[in-house]
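Here are a few friendly notes to read alongside the model.

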Amino acid sequence: MSHPNTVLVLTPSVGGYYYGGLLAGLNREVAGAGGRLLLVQTLEAGTSSGEIGEPGEQGDFAIPVAWSEVDGVVSITRAVRASFLQRLRDAGKPVVLASAPMLDFAAPLALPDNHGGTFAAVEHLIWHGHTRIGFVGNLAQPDVCDRHAAYLQALETHSLTADPALVFAANNNARGGGVRAALAVLESAVLPTALMVATDRNALGLMRTLTDSGLVLPRDMAIVGFDNIEAAAFSAPTLSSVNQQFDETGALAGRLIMAAMRGESVPHLTFTSPSVIAVRESCGCGDDDAPGAPGAERDLSLDASPALLLDELQDMLCGALLTGHSLDENPLRESALAIAREAERLLGTGDELIAGQIKALTSSLRRLAPRPDMLRRVVGALTVYVQRAAAGTARAGGTQTAATAAARLTTALWQLQAGSFLRQAEAAEAALDEQYVVDAGLLDIGRSDPTELGWLVGTHVRAGVLALWEDGPQGGVLRIVGAYDPARLVSNLVGTTTTPEQFPPASLIAATQPADREVYIVVPVRTKERDWGLLAVVGEIETSWTREAYRHWAALLCVSLEADRLQEEVRRHALYDALTGLPNRRLFQDRLEHSIALCQREGTAFTVIFLDLDGFKVINDSLGHPMGDRVLNAVGARIERELRTVDTGARFGGDEFAILLHDVAADGALLVAERLQQALAAVLDLDGRELSIRASMGVATSAIEYSCAEDVLRDADAAMYRAKATEPGSVSFFDSQMHDHAVHQMRLHHEIRRALEEDQFEIHYQPIVNLATGRTDRFEALVRWRHPERGLLLPEEFLPHIQDMGLMVHLGRWIIDEVCRQVSDWGPQVTNVAINVSDREFWHHDLLSHILANAARHGITADRLTLEITEGVIMRRPEVALRIMREMHDAGLRLHIDDFGTGYSSLETLHRFPVDAFKIDRSFIGCLTTGDRTDELVRAIVAMGKALGLAVVAEGVETTEQLAFLQEVGCATGQGFLFMPAVPGDRAMELLGHVLGPITADAGSR
C-alpha cells in the first residue's frame, strides 16, 4: 500500500466530551500504528448529534466520501444506516462499530465495559454495607440498559432483592436528567441508602439536588457514577466513578480496525475495555460516618500494593500522554514513567520534601502535557495516586511525615489543576473569538464570496477545501469552488471537478499530522431542505467542551449560500419571467434601449414583434390555470427555438410576449412573424388534449426614429391590437397613421392629467322633466371638459381615455363633491340630482362612505342624491352588487338602473334589487316611430315598470313624436334635447317653475 493506512470515521459529531474523547482515543491508537484518520460528520446542520453519549438521530448520510482513499471504516453510534456500511464492506473495506451496536449489521463492536464496571461499582457499595441500593439512568439508551442489567446481576449475586421502586428514570444523560431523577428519589416512600448512577453527569445533577434538599452525602446516601469525567474530582463530595474513559473505547476501536486492515481475523463480537473504580468520597470511602463503614467488609481494592498503584499510575499517564507517536522507545513513555517514579520518591521523603522538588515535578508535568485537557488528566491521575498511596501507608501504620508529604504534593497538584482550568477557559475564550470572526465572515453577505473560504483566515485550521455539487448529489460530480491553503500544500484545485470517492484530495489528506491530534474532517454542507456539497478542513479533535465548530461553520455556510441563492433568484426574478424562464419586460426594455442606441450610432436595424395569444382566456377558464401555465411554457419554448442567439424573446405577463430582432428590417420581420405563426400553430398535446395556438402580432421597426423603448413597445402594442381587431391571428405593422394616432393619444392623456390638476372639468345639469306637466325639480349631473384650446368637450371625447388611464375613481370623487356642493347651494327647490357611477367606482371599497361624508360636509341629506348604475355593472357580480346596493339604499340614497334594456337583467333582478326607477336607454327612444318593433318593446318596458311599482325615465327624447308616444304609453318622466340640453349649475335654477318642451294641455290630463 503506497500511503499510510487511512481510517474513515463516520461520526455524528467531531468534538465534545463524548465524541471528542472517542475520536481522541481512536486517533491515538491509529496514529501510533502509523495510520491516520479521515472524519466524516454525517449529520447536517440543525440535527441533534446526541451529545453526552446518547444515540441521537440516525442520519440518512449516503455519500461515498473518500472511499478511494480509505482502507477501513469505524462507525460511531448511529452515524449511518446499515445499508451504507454494507456497501462499504462490499467495496472491500473492513468495518468496526464503536459505542453502540446495530441490530441489522454485524461487525466487531467496541464498547465500554458497562457490565464489568457497573458490577464492580455495585459490589463496592455492598462492601460498604449497603443492601438497599437503587439505580438511576436513562433506560432508553442501550449503554444504560447494559449497566442496569449488571446492577441487577450484582444484587442477585449477593442475594439482595432488586426493588423496582428503587429504579429512578433520567430523561437524558446530562445533569438535567440527574435533577429529575433526584426529585423522584426524594418523593419515594423509602429512600435508598446508595445509588448506582449510569453517568457521571446524571450523578452530578443528582448529588446537587439531594444536597440542596438537606441530605448529607455519603452519610445519608452513597453515590457511585460511571465515566470518571474530570468534573467528578471537583464535586462536593468528590464523586466515586467507574473509570471508563471515553477515549479508551475509541482506542479499542482503533486496535480492532488496525488489526482488520492488517488482514487479521477479527470476529463479529463485542469487545470491551477494562474498567476500574476511581474511589473518592461519594461512595463512603474515608468517611467514618458513612453507613456500614465501621463494621462492614472493606473494599479490598483500597489495599492495592504500592507497586500495583504505581503500575496503574504509569498506565494512566501513558494513556493520557501518548498521542500517536510510536509506542516503542518513545521519549514520552519514558518521561511518563519518570514522572511516576519521581512521585513515588517524593512521597517517601516525608518532612524532607522541599518546595524546589515539588516545583521541579510540576514543571515536568507542564512540559509533558502542554494542552490544558491533557494536563488535567495527568494531574488528576497523579492526585489519585498520591491520595491512595498515602491512605495505604496510613493503614499500614505509616508515620505522620508521609501524610505531610502527600498533603503538600496534593496541594501543589491542585494548584496546577486550577491553572489548567484557567488555561482551558482562556482557550474557550479564544475559540469564541475565532467563532465570532468566522460568523462575521460568513454572514457578511454581499461583501465577500463565502465559497472562497477567506473566512478561515485566522482560525486554527491549516487548510480547507469546499466542493459543491454540479447537478445535485444524484449527479455524483463535485466542483471545487474554494480552497484555503496558506502553506501551499497542494497545487491549484479551484475549478476542478472530482467525485465523492476522491474527495478530499489525497494530497491534503496526506498533509495531516495525526500525532498532534490533527485530522482531516469532512462536513456535509446541507440542511434538511437542500444539499450544497462538502466542506473539508485540516483541523483537530476537540475534547474540552461540546463545541461543534465545524458543523456550526457548515450551518452558517448553508445560510450564506442560501442567502446568495435567494439574492440571485431575486435578481433573476427581477429580469426573467418565473414561469417560462424568458426575459421579462424590464430586461427586454434594457436590451431594446441598447438596440435603439446602436441604431442611432451605427444604423443597425431592429424590429420588435408584440404578440398576444388569441382565445387564451378560454383555455384558462375551461382547462384551468395549471393547464394554461403549461400552454404558456410551450409558447415560450417555441419562441426560443425560432430565434437566434442575438435575438430576445420575452414574456411580459399574462399571454403577452415580445420579440426583439437584431439587425432585421421590415421585410425580414415579416418572415420571422410568419415562421413564429407556423411554430405556434403546431398541435400541442397536453395529456391527450390537442390544442392549436394562434397569436395576433404587432410589428414596430426602426424605420421610425425612436428615442426610447417605451415608444417602440407602445407602437408594437397598438399594431397588435389592430391585428386582433381586424383579423385575429394576423400580423399588423405599425405605420405613420398609427404613429400619429398614438402621439395624439399620448398628448391627450397628458392633457387629461393636467385638466384634473387645474380643475378644467365642470358639471352640467340636464333636467329630468315630468312628461305630464313639462316642469322639473330634479337633474342629472353630466361632466364636461372645458379644454383651454378646443373648448367644451362632451364625455364621449374623454371618458374612455380616463377609463383607460385608471382615473375614473379620481374623477368620480370630484364629481360627487361638486354635486353635493351645488345641491347645497341650490337649497330645497331642487329635490334630487342623479350621478352616474362607473364600473370601477361602484366596486371601490369606500364609495358609500365617501358619498355620505361629502353629503354631511355640505349639509344635505342622502335622499337628495340618486346613483345611476348600469345593468352591466350589476350583473358582473349580482350577489355582491345586491349587498352593496342594499347598504346604499338603507343609507337613504335613491338608486336607478341606467341604460335599461341593453344588459342582461331580468324581472327577477328588478324585483330583488332595491331600485327606485330604471331609465330606458336612448337607443330605444331613438328608434320609436320608425316602423320596427321598438314601439312594442318600449310599451312593454313602461308597463313592466308600472307593474313593479318603479318609476320609468326615458333618455334621449329629441322629437315631439317620441314625446307623444311616451305620453301615450304612460311614461312619467324623460330627459333630452327636446326639453333642454345640460346647462351649467348657475343656469339650472332658471329652469325651475318653467314648462320645458312642447307639452300640450292634453298631456297634462292623461
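1. Between β8 and β9 the chain passes through helix α6 (residues 200-212), a right-handed β-α-β crossover (with the strands pointing away from the viewer, the path from the first strand over the helix to the second runs clockwise). Helices (H or I, at least four residues) and strands (E, at least two) are DSSP runs, numbered from the N terminus.

2. A word on the basis: this is a predicted model, in which local features need pLDDT of at least 70 and side-chain atom pairs count only at pLDDT 80 or more, while totals for chains, interfaces and linings use all residues. Residues are numbered from 1 along each chain as its sequence is written, and side-chain values use heavy atoms, leaving out hydrogens and water.

3. β8 also pairs in the parallel sense with strand β6 (residues 133-137), over four bridges; there, valine 136 is partnered by valine 197 of β8. Which residues cover the two faces of strand β8 (residues 194-197)? Ala194 and Met196 lie on one side, Leu195 and Val197 on the other, and all are buried (under 20% relative accessible area; exposed is over 50%, partly exposed in between; 1.4 Å probe, protein chains only).

4. On to the rings: the structure holds 16 aromatic pairs (Phe, Tyr and Trp, the last by its six-membered ring, with centres within 6.5 Å; planes under 30 degrees apart are stacked, over 60 edge-to-face, the rest tilted). Phenylalanine 61 and phenylalanine 84 have centres 6.0 Å apart and planes at 75°, so this pair is edge-to-face. Phenylalanine 61 sits in the loop between β2 (36-41) and β3 (72-76) and phenylalanine 84 in helix α2 (residues 82-90), so the pair ties together parts 23 residues apart in sequence. Both phenylalanine 61 and phenylalanine 84 are buried.

5. For phenylalanine 779 and tryptophan 826, the centres are 5.5 Å apart and the planes at 40°, so the pair is tilted. Phenylalanine 779 is in strand β26 (residues 776-787) and tryptophan 826 in helix α22 (residues 808-826), 47 residues apart. Phenylalanine 779 is buried at 0% relative accessibility, and tryptophan 826 is buried at 7%.

6. Ring pairs also join Tyr18, Tyr19 and Phe246 into a cluster.

Technical notes:
Pairing = 2+ DSSP bridges.
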